[in-house]
Each structure stands twice: as C-alpha cells, then as structure tokens.
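Keep the sequence and the 3D view side by side.

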Amino acid sequence: MKQWLLCLFVFQTGLSASLYAQNKLAEPKIAFISDVHFADLYGQLSGTDFQGVKNPIDGRNTLLRTMSSQLQSTRIFNENYFAFIAALEDVAKRGVRLVALPGDYSDDGQPVHLKGLQKILKEYHQKYGIQFFITTGNHDPVGPFAKDAGKKDFLGEKGMSQPIFSKAGVYNPTNKNEHPTAISPDISELGYEGVMDHLSEFGFFAQPHYLYWASPFSSYSPDNYSYRKAREASQLHNRMYTVAPGDTIPDATYLVEPVDGLWLLAIDGNVYLPAREGKAKTFSSAEAGYNNVILHKRHILSWLKTISEMAKQRGKTLIAFSHYPMVDYNDSASPEIAELLGPDKWQLKRLPGLNVAREFAKAGINIHFGGHMHINDTGVFFDNSRNSLVNIQTPSLAAYIPAYKLLTLKEQGKAEIETITISEVKGFDKLFPLYRTEYEFLSKNSSGAIWDSKILNSKTYYDFTRNHLEELVRLRFLPQDWPEDLRNFLPKASGQDLLLLLSSGLKSSESIASENNKQDLLNRLKANKLQMSDFAKWTGIDLINDFYRLRSADQLALKDIGVQRLRQYQVLAGLAASLPESQLATEKNKKSLVLFFSIFNKFLKDSPADHFLIDLSTGDIRELPSK
C-alpha cells in the first residue's frame, strides 16, 4: 500500500511539474508588491472578549489602529487592507500569474494577521492560479524567535485607545485615556518558524509543481534534482547558520523556477545579532539590511556566485528580490542630507554602503527588487569590471504613492518595468466613522496637537495617502528631523520671500537686491516663463511637502507638484547654487537652503523610475513613455 501511494505521489508530482513546464511563457510577467504591512481588520482574537469596535457602516467588528498612530508612522496601518485586495485584483485583471512580496507583508508577524494574509493569498491562488513568492522583512519576523508583544494603540469604544498584548505584564499603562489592556496570544510576534509555517506554500518551502527549488544549504543541482530532495532540504532545521559563537538562526533564502527559464531568487536579508538587555538575551533589529549581510551572511554571497554562473550556463533569467535595497536610493544626495539634517536622521543608517552593491554585482546579481524604504526609486551601480546592478525600489501600498512594480521579460535579455499606481480602492473610507469618534474624543480630552480631520475628506485612496504624508510631515518629520533654524524659518516664508533672499547679496530677504542681481533674476524668470508673483502663491510648507513627495514617489510625484511649480523650484535651486561661499559662512538660512535645493535637484535628476527598459547584460536603462 505504501509503495502504491509513493508511486502515485511521484506520478502526480511529475505531472504537476510538467504542466508548468509546458506553460512556458514567451514574455513572463512578475508583479512585485512590497511593504503591504497587512493587518487583518476582521481577524479573530482568542483569549479575550475584545474583538474590535463595531463599524456603523457594515455592522462588523473591526480590529483597527487609531488614526493618531498611523499619522505618526511612515506606513498606514488600516486602509492598506483594502489597497492590498485592490492591487491583487489589478494583477489578476492583467493576467499576471507570478507575484513576489519583498518583505513586510505583515504587521510584525502576528498570528492574527498572518492567518488573514494566508487566507487571502490562498483565495487568489485558487481563483486565478496566481503563484506567490515571499521573502522576509524586518517586520516579518521582527526577531528570529517568537516573543510576547502587542500594541497600545488599537482603537476601542468611544474613540479611546485599546491596548492589546499577548501576555499580562508586558505593557504597563501610563495613559488614563485608554481602556484596560486586552490579552490575546494572537498578537504576539512570531519568529521564523511561525511566519514560515503560516506561509509555507508561498516559496519558503519546495512545492511539487516547482521546476526547481534550492537554498544556500542544499547540495543537489538541476541535473539530479527531485522534489523529495528539495522538500527535505527546505526544512527549517536544514537551513541554519551561525551568526555568532553559540547562536544559530534560520536563513530563509531560496531559489525557485516557477516557469521554464525563469529563476526567481528570494534573499533573506535579515541579520539578527545577539545582544543582552540586563540578564535577558535578545537580538538586534534587522533594519540595517545588507550592511550586515555582507559581514555575517557570507555564505549567501558565495552561493549567489554559483547560481548566477549556473543560470548563464543553462540559459535561465535570474531575477532577485528581497526586502532591503542594494544600491543608494538617495540619488547621491546622502552627504548633503547628513549635513543638513544630521547623520542619524532620515534613516541614513539604512543606506547600503557602496561595498554592498559591489559585492552583489560581483556575485552576478544584475537586477534586484527591494522594498523597506517605502519609496519609488531606481539605482544603478557599475564596478570597474563593468559588472552592473540595477536596484529597483518598490513603493509601498501603505504610503504615498501606493503602487507596485510589474516586470515583463522581453527577448534579447531586456526587462520592461512598469510602475502601477493603485489610486482607486473600494472601501478605503469604510473606517471613517470610527475615526470621527476618535477625533471627537481627542478634541475633548487631548492637551497636545491632534491630527487634522481634513484627511477624512479624501475622495480616493491616492488622496488619502497624500494627506497622510502631509500630516506625517507636520506631526513627525518637521518636529523630529529638521534643524531648529530651518524648521522655524522655512514654513513661515513664502515662495517670493525665498526668491528675494536667494537673489539678494544682502542679509535680509526684505532688502532690495542690487541692480545686477535684479537683472539676473529677471532674466532667469523670463527664461522659465515665470513672473515674481507666481512665487507668492505658495509657502515654505508647500515646498517641504513637495520635497517629501518627490523623495517618496520620484517621477510619480511630478504630476502632483505640477510643471510650473517645478520650474519655480528649479529657479530657486539655480539661485542657491550660485551663491558665493562668503555669504554661506555668515548666513545660516542661506547655507541650509543651498543644501536643501542641492538635495531637491538630485532627486529630480534621478534614473527613470516609472516606465523603463533595462538591458540585463549591460545595465543600461532606457526611459519609456508613461502609460
């Protein structure tokens, strides 16, 4: 009986794989959907009576975070639930059957959210035949092993905060305006084992229909491959490495061939270094990404060199994706950012060093899709041997501008990249009545700054993310990241104030410029078809918001900024660049503006990040018309 079942299993496995092989696609398409930060609004919590707050729109209990918390975060916590479904619907309508998720697909690897994500992915696989491939992010898992955790900022009854934690005593309440803590194990943070167990069929482990599956720890090759070998090699206990003496943790990196000719490489860029908090042993965050990978996961680099050479020999197209960027995503503006805002601001510690790109390009990785930063960007690296690496930063569905990347493999080693914006999202405003209750409560009980209720006037999800960014700038970025002098000066200035200041050789923006300066200014304005009155229509806070829009969305933000406003900004950037060093030494505002506009200008002159074509053998990029 056992022998008969084994024969049937082998036959079914071979049949499944052969069906996928026969469906070789002339132009395979892969959608990359990153940083979803999925939280199951309708998940069920065990061990507690609290199951969310009832929404008057549909009568459903809803497990959501407060608007206050998500307007202080670089990611949206709640509405991205609906945006993720909208993105999957868009993928399905386009006939795309391969979807990669470059990490942070969950909100801290909590069981309640992983179960909800698993359900949705299975539904779209069964309904449309979509294959999903997942890699790890620093939010999934948060650490290598499971631990008790929770959040203090869920929304409870009457607009008050509702803390939910996995174990009593983990959280000590300090806010009188919150409900008693609810306890549920479903809000703990799972480590590798828990995360990969919930999402096991989405690339983490070998599946019968894969044409090939391997990891840095497997010992077979395509010549002697079998599903039986791959299944055993993919077990977590066979994928451990030593991160420090006495500490072994899993590495979830894998290679999969989902359709004939395509090798999809999912790199686990998480590195958790052991540390201690008092007597308790803990692990560091993994947010530094590849800066730590090249130090502590050298086994990955040697393996990548082997499989990239194997891919060339066998005529396979190797496409890599992971959570962390491999190339500078600040468009070479990082030195100016550090000087303007400080070396510990703007998440500069997440910036991959030049040696990261050099190592991976040398290993044979020439195209990589990353996430982590919630920005749209394209970075290109060439080493002295003309090895190239194109790093494509995939936008987040939980931030401005929500989008995903669509890769189409063309003939002659070309890859077409499209950036698909998710603007219209059904149900994105379903939670607004609950936020209004929260706002009413805060208006009566909060002594500090509260969020602007204008966000509840958003007509589309696109508008919602734009309003989210503006509030994030007001409530967090300006107060926390910007130097005091610029923070006090720039928001209060008009565009005309800036124009006069930068065109004047005198110290006061109210002074009249010299005749030569005035003529130079008039010539600049005339060349750009502008008038001085145009600059009076906006303020420094508009400039700062546009600065963050450009940084977040790259070319996608140009439509929101507008052609005429961009011309005005470029005039100001030109004036700032022409200021003499003698003025910068004595006038701090001018020096800060020179740095500011230098960064702004570099963002504008970046590589194409909307619709473009890559030559995978040379790394050359050609911009294509926007769709």
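A salt bridge here is a side-chain nitrogen of Lys or Arg within 4 Å of a carboxyl oxygen of Asp or Glu. The model is predicted, so local features need pLDDT of at least 70, side-chain atom pairs count only at pLDDT 80 or more, and totals for chains, interfaces and linings use all residues. Residues are numbered from 1 along each chain as its sequence is written, and side-chain values use heavy atoms, with hydrogens and water left out.

Start with Arg-94. Its side chain forms a salt bridge with that of Asp-90, at 2.7 Å from N to O. Arg-94 is partly exposed, with a relative accessible area of 39%. On this scale, buried means under 20% relative accessible area, exposed means over 50%, and partly exposed is in between (1.4 Å probe, protein chains only).

Next, find Asp-107 and Arg-75. Their side chains meet in a salt bridge of 2.9 Å, N to O. This pair links distant parts of the chain, 32 residues apart: Asp-107 sits in the loop between β4 (98-102) and α4 (111-128), and Arg-75 in the loop between α2 (67-70) and α3 (80-93). Helices (H or I, at least four residues) and strands (E, at least two) are DSSP runs, numbered from the N terminus. Asp-107 and Arg-75 are both buried.

Now move to Lys-297. It pairs with Asp-268 in a salt bridge of 3.4 Å, N to O. Lys-297 lies in the loop between α8 (290-296) and α9 (298-314), and Asp-268 in the loop between β13 (262-267) and β14 (274-277), so the bridge ties together parts 29 residues apart in sequence. Both Lys-297 and Asp-268 are buried.

Some bridges share partners. Lys-454, Glu-470, Asp-546, Arg-549 and Arg-565 are joined this way into one network. The whole structure holds 32 salt bridges.
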